[in-house]
Amino acid sequence: MIRKLSVATGMDWVEIPEADLRILCGCPMDSVKHLMKRGLIMATEKNGAACETGPNAILLSDVMLQNGEFANLGEFPVLQMLYKQGLILPGHPNNTGQKPLLIGLAEQVNAQLQYIYRGNYGLISAEELINAGMAPEQAQQMMRLKLRFAFGAIRPSQQLFESCIVEGQEIEIRHGVTIRRDATNVYTFRYRDQSVSVNLNLAPGQHYQSAYPLGFQKLDREYFGVIHSGEGDGWDVNRPSMSSILMFQGRIYLIDAGPNLFANLSALGIGIDEIEGLFQTHAHDDHFAGITTLMRAGHKIRYFATPPVRVTVAKKIAALLSIEEERFQDFFKVHDLTADVWNDIDGLEVRPSYSPHPLETTIFHFRTLWQDGYKSYAHLADIVSLDVLKGMITADPAKPGINQDDYDRIQDDYLAPADLKKIDIGGGMIHGVAQDFRQDHSARILLAHTARELTPQEKEIGAHAPHGTVDVLIAGQSSCSRQTAAGFLQETFPTIPAYHVQMLVNHPVIDFSPGMMLIREGQVPEQIYLILTGTVERIRSRDNHLSRLSSGAMVGELMGLYSLPVHSTYVAACFVRALAIPVPLYRELVVRNHFMARIERTTDQRSFLESTNLFAEGVSQQTLGRIIDAIQVRHIAIGEAISCRDLTMLNLIHSGRIERSVSHEVVDILQPGDFFGEDNALFDTPCLFRLKTLEPVESFQIPGELVANIPIVRWKLFAAYLNRTMKVVHAVEDGHGGLRWNQAFNIQVLEMDTHHKKLVQIANAIAAIIHVGQDRGSLEAAFERLVDYTEYHFVAEEQLMERYGYPDLEHHRDRHRQLVSQVLQYRQHLNDSGHLKQHDFNSFFTDWLVKHILSEDRRYGAFLNAQCIF
């Protein structure tokens, strides 16, 4: 019998008891908590040994991102199987040798293996730690400690899991149960004469659910204070994971980005665009999984971490998305912190200190000058109990563990007094205990990172902080709201006199409760609302449109200026604070300061941009103005070729339709509001699609550099690019030409496999250009990209081999020189001959690079894999 249950949005449960198979279908963030709430994970015993029930297999999503959120986060489900079910525990009755099973497309299974590997261990060698900025002696000590947590050896993920790769045909999973992939994210399970289907796709605008409801809070912004945004752990079904939010001089800083971050911030009345920066303690999912929320802000959020923590986070994201690690900086302003010293961040001082944990982790001490000294907050997430740490002390430098000096330093860091201190008391081998802080002289201690009630003994040491409570360390004496409003207005109108700004600011600041309507569709605005805090939803139900506006956005501005009815309804998604500006005054000051002519000139383009999914949210008025100024209008007739120059720009279709295809397979039909050209304009990949106009097209062409630094726009473009690339992969697999990425090409070193995939993408783009006979400029640009990326890849590959002492490095370096020479000669041959056949190029690329990967690269891959470098 096959049993199927719907667990939550994008998650199903399929169980076949006779085959001992329990499959979690879809594993977005907090999937374990959803299973616990449905009773699919429960505490039990087996032969007297405590354990939990739960899944023993995971079906992964075909796509890594759905509507901007990670779709496959298997770290906690896998930990639950290995440790809480007992599959890996020595002597446990459930440790029968059967391993957790990952099911799905090869690309997604491999990505999960790499991501879980980094989640388990972080940086896995002294060489990686040194490359991340650690001194050699410190790196050696860190590896000793890591090996102690890892029971003496770092084990590749392949030793912990089994995998079932689902390609085109129905295959057996276990014990007679089969699976077939019917379409993207649609699968059929069959057992004997029964079958069930699951669909892991999210509908447009649909998002993964939070595992717990959170009540709305209305919070004032203080000069220096701490909002308690999470006190639970990765297993707590009722509370967010341990985190805090710092308020300092009107700015908002997050400490960690746990699951369901958007829901958490909304409950606290904080909009994404209010966030100034993120302090990252470490990269476990309960502190990391919400980071994509911050990658969808309207500005680059500042990212604060020590280099080893930052590199670990970048490696996890690179594994999940199959991108280069340096792409992390496309979405954040990275500020590396120096460990064990005070780093000054605009008056807020922070001292990160390394804390023992299986992967790179820091605790944070914050302080700011005040009156006759400092006010301070300490955030001690994922620490270890001092008794556990004491048991790791060894004077033998060759053994896993820690030396006495490091133990003493860690103890001093833990017990350094603060005005407010929040500590992890999760217990076990990798978390802290309250008893270690019985003699702590901090003024107030909070106990967190646990899913249980505090014991009487723990209550004698510290307290629990309910979600949304605030500790004010320095009260604010001035109005942050009006200062914020003045800053937004000055940014929007940079030449407006200060006295005119004050005229606008000297109006009521209104608080809207969740669900309250600011303006209804069809209403002519009498006031323009400048959002100061919180999030407003813009709803247009007739075409299923919903977007979110955060701090700095104006509601009703354009229609108010023209005394026209608005086209959408605006509703407070949480507690919202907004400055209400009378329309007549706003219009008069706009006219007096000579902005009206520009607004009239750009009204149509601005209205159109704001109606598209790409620019509907998170883009400030000033940024939108720069984009409008740079737009070039391109008219493309039916049958007219879309040139190489067209594809160097981001094209937003204003009118008309375009067919996008690859190898004679139609991928989609582009309508007004859709876009093309982002492959080349932003992601340095030649376009491999054939674009054919079905109707006369008017396109707004936007330089890529203008949108590259708007994270929310870049993220939407990247998500679309990833999903389209997946469609192309399957078109190739179905026999529609091109160079198919074969799993045999994987050398099991993530960074290099990512590079190799990129080279195959570029080669497929060249093959597509040759096939459809695009202009010569497109072909030359694509070859230029192939040469540039080849040289970049070879340098990175040689540095990696040198770092780990690969004995055949010099021969490999010589081979690279030969390969670069060959591709340059081939490009010259193309220039001389003036024509090229797709078959000829595919043959060249196979002989040129694919054979090199299958021979020389696989040899160094095996050498690195033997050192647990994956």
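A salt bridge here is a side-chain nitrogen of Lys or Arg within 4 Å of a carboxyl oxygen of Asp or Glu. This predicted model holds 50 of these salt bridges.

**View 1. Lysine 146 pairs up with glutamate 360.** The two side chains meet in a salt bridge at 2.7 Å, N to O. Lysine 146 sits in helix H5 (residues 136-149), while glutamate 360 belongs to the loop between strand S22 (348-354) and strand S23 (362-370), so this pair ties together parts that are 214 residues apart in sequence. Both lysine 146 and glutamate 360 are buried.

**View 2. Arginine 180 meets aspartate 182.** Their side chains form a salt bridge at 2.6 Å, N to O. Arginine 180 has a relative accessible area of 27%, so it's partly exposed. Aspartate 182 is partly exposed too, at 37%.

**View 3. Glutamate 274 bridges to arginine 221.** The closest N and O atoms of this salt bridge are 2.8 Å apart. The pair links distant parts of the chain, 53 residues apart: glutamate 274 is in the loop between helix H6 (261-267) and strand S18 (275-279), and arginine 221 is in the loop between strand S14 (194-199) and strand S15 (224-230). Glutamate 274 has 13% relative accessibility, so it counts as buried; arginine 221, at 15%, counts as buried as well.

**View 4. Arg118, Glu128, Lys315 and Glu325 make up one network.** What joins them is salt bridges that share partners.

**View 5. Residues 731-736 have pLDDT below 50.** For the chain, the mean pLDDT is 92, with 97% of residues reaching 70 or more.

Methods:
Residues are numbered from 1 along each chain as its sequence is written. This is a predicted model: local features need pLDDT of at least 70, side-chain atom pairs count only at pLDDT 80 or more; totals for chains, interfaces and linings use all residues. Side-chain values use heavy atoms; hydrogens and water are left out. pLDDT is the predictor's confidence in each residue, from 0 to 100. Contact means heavy atoms within 4.5 Å. Helices (H or I, at least four residues) and strands (E, at least two) are DSSP runs, numbered from the N terminus. Buried means under 20% relative accessible area, exposed over 50%, partly exposed in between (1.4 Å probe, protein chains only).
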